Amino acid sequence: MQQKRSKLSSVLHKVVITMHLMLLNVFIWVSIFFCRIQAELTKGHHGTDVTLSCEVSDLPESATVQWEREEAPVPNSTLFFNNTAYIILHNIDHHSQGKYYCTLRHRGKKDIYRNQTLEVSKYTHTKKKYILYRESSNSSNLALICKSKTSYDRIMWIRHLNQTEEVMIAAERAKDLRVHGVIVPANHSSTFYNGTDFIFHISPVKFSYSGTYRCLVNDKTYSSLTLHTLRVFAEPSVMIWNQSVVLTCEVFDVTERVILAWLRMEGNRAVLIKQEVLTQRDMMRSVSVTLNSVCEHQLHCQCAVFTENTLRALAPIMLHLVPSLRKEPHSAIPKHTTALLSQGNSVEKGSDAQAVVTVVFIVSGCLGVLLGALLFYRLRRPSKANMVKAEEEKEEELHYASITIVELEQGASGNFKRNKMPGTSDSVIYSTVNVK
């Protein structure tokens, strides 16, 4: 009896130890999970920019890292550089609040590396100086937001640049707006002032729009921010296969220590080409890099602006290779998306062959018409004088053939697309063929 009790107690003791070990393992795994998913709170000021970052080590070759949002979709603008995934949220407001997830996808599996909650202040009033960076391009935007808790009668946005001030836009409650500056309000600007909220939307942002912008309510400064613009361009603007090109990234002004970095893009992953540090003391405001023998894997590059290891702005540039040294229309190659297209020889050969076939077909048709006309005249048996006259008229007659030659270029996907030609609205060149 005693032996049975001792055996039973031994079994129970083993069961208790096993359960404790299982609970300990569960606790360890939960701790690891919550340590890996770093739940952090980020506070942002209304109307400014916020950069979210997530460090991921030992990323598999075929894996992707993306910032996502639970409540609403996030634009596919994640940049992965130096084992860190960045995303910039521009001009945040109450719509930007919520949870953001840094997710890794690999072979159909999804893993969350960071859970970050963003809180945005209700109003824009602040004594802190904020600096925003914007790319100078047709697609760039800047929203100057002035939102107050107290109701005011008058409001205006003023720009300060090179020791001069200029009133950009002004409004009074329940009255029409007055635009004073050279910057025309864009579509999302406020159409009236309700006493508390006013938005001055600028799009596109030009390189010369840098400066300090102040929001004045009842002639008193309520909030302010400084805008620094940057632009990218390539020289020469038209390149052929294996030709070298110089990429330049330029900022309008520097008021803090910044790093300008040229990156070569491989999907959303970035590979560093060159970087330099700029300070207020530096006379240089640009960073240039020379790419020797440009080929297909160098077609997409970006200039990145970093301050204190925080990504502040991106300025992309797409390079397109042209098939030959033929002069291209300047309007087809904007500076911020300088062009470069490869494998153009096969395209030209195909176009030439098509043109030759078209000419032969048209000439054959014209000859057939002439033979039919001769047969018709012979059947009618015209007089000798008429025949001589007809011959003379026939020698002076011109037959016109319209040959459509559409210049083609090969796109990045391998499909061919039409390329605009100068002087024509539909890329058509007309050639005249004289047939006697």
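In the predicted model, strand 8 (residues 130-135) pairs with strand 15 (residues 220-235) in the parallel sense, over six bridges. Strands here are DSSP runs (E, at least two residues) numbered from the N terminus, and two of them pair if DSSP finds at least two bridges between them. Residues are numbered from 1 along each chain as its sequence is written, and side-chain values use heavy atoms, with hydrogens and water left out.

Strand 15 also has antiparallel pairings. With strand 14 (residues 211-217), the antiparallel pairing extends over seven bridges, and Leu216 stands opposite Thr221 of strand 15. Two residues lie between the strands of this hairpin, in which Asn218 adopts a positive phi near 50 degrees. Strand 16 (residues 245-251) pairs with strand 15 over six bridges, again in the antiparallel sense; here Ala234 faces Leu247 of strand 16.

Cys303 belongs to strand 20 (residues 300-307). Because its relative accessibility is 0%, Cys303 counts as buried, a class defined as under 20% relative accessible area (1.4 Å probe, protein chains only). The C-alpha atoms of Cys303 and Arg231 are separated by 8.7 Å, although the two residues are 72 residues apart along the chain. With neighbours within four places in sequence left aside, the residues in contact with Cys303 include Leu230, Val232, Cys249, Trp262 and Leu314, contact meaning heavy atoms within 4.5 Å.

Key:
Predicted model: local features only at pLDDT ≥ 70, side-chain atom pairs only at ≥ 80, totals over all residues. Helix = DSSP H or I, 4+ residues; strand = E, 2+ residues; numbered from the N terminus. Buried < 20%, exposed > 50% of the residue type's maximum accessible area, 1.4 Å probe, protein only.
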